[in-house]
Amino acid sequence: MAEQGYSLADRGERTRVNVGGRSLRPCGTWAAFQRHQSRDEALCEACAEAARRWPLYKRARDRYRRARKAGTDPRELERLAEEMLRLEIEYRSLERVSDTPQPPGRRWTVYRFDFENGQQYVGITQRSAWAREAEHISGDKRLRGGSASISALVARGVRYEHVIVATDLTEGEAYELESRLIAELDRPLNVKGVIR
């Protein structure tokens with residue numbers, strides 16, 4: 001599988017084809033197979049194989065999830081997990097790199113909250129950093145990334161400064177900078193939560 005450019009570490013880093021401003025899954029995926037069918041297009045070889053392999057992977061994934069929920073013996077669970085991952089790699093390795101020109105990727109911003117009590121929070125976003133500030137302060141539990149901790153401090157009247165650390169970064173650059181900054185913090189909200 002390695003020679004085809006896919007490993008388990010690549011999950012979440014999928015190639016997408018830009019069509020009319022929308023991101024579509026490339027050939028060699030179940031989504032592309034369904035797209036061919038809905039448009040009455042001839043199936044390419046990669047999509048035909050993906051249509052054969054997707055149900056195998058999906059069944060293995062469902063078996064593993066049911067077994068884990070039922071508290072199956074750890075050795076059997078491990079065997080099911082290995083089977084699921086093997087089938088996933090076989091399925092994912094069918095994805096074709098698109099030759100469609102790709103638009104520039106959306107750029108990322110790294111931001112930081114500096115609270116007067118010494119605590120700090122570092123985050124990244126593709127959207128407006130100010131929109132993320134409002135989400136963090138809202139304390140909405142559906143949102144990820146420190147919202148409860150930040151909103152608790154704001155609710156207690158702890159003043160803070162919202163700092164834009166860097167903008168116009170690639171995703172990799174943003175994640176690298178975020179990780180480095182969090183590691184340098186003395187009292188990071190990212191890790192420890194609110195200090196009473």
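Colleague: Which exposed residues does the face of H6 turned away from its buried side carry?

Modeller: That face carries Glu176, Ala183 and Glu184. Here, buried means under 20% relative accessible area, exposed over 50% and partly exposed in between, with a 1.4 Å probe and protein chains only. Helices (H or I, at least four residues) and strands (E, at least two) are DSSP runs, numbered from the N terminus. Bear in mind that this is a predicted model, where local features need pLDDT of at least 70, side-chain atom pairs count only at pLDDT 80 or more, and totals for chains, interfaces and linings use all residues. Residues are numbered from 1 along each chain as its sequence is written, and side-chain values use heavy atoms, leaving out hydrogens and water.

Colleague: And which residues of H6 are buried?

Modeller: An α-helix has 3.6 residues a turn, so residues three or four places apart point the same way. In H6, the buried ones are Ala174, Leu177, Glu178, Leu181 and Ile182. Down the axis they fall within an arc of 130 degrees (taken from the directions from the helix axis to the C-beta atoms), so they line one face of the helix.

Colleague: How many aromatic pairs are there?

Modeller: A pair of aromatic rings is described by the distance of the centres and the angle of the planes. Rings of Phe, Tyr and Trp (its six-membered ring) pair if their centres lie within 6.5 Å; planes under 30 degrees apart count as stacked, over 60 as edge-to-face and the rest as tilted. A search of the whole structure gives twelve. One of them, Trp54 with Tyr91, is tilted, at 5.2 Å centre to centre and 55 degrees between the planes. Trp54 sits in helix H2 and Tyr91 in helix H3, so the pair ties together parts 37 residues apart in sequence. Both residues are buried.
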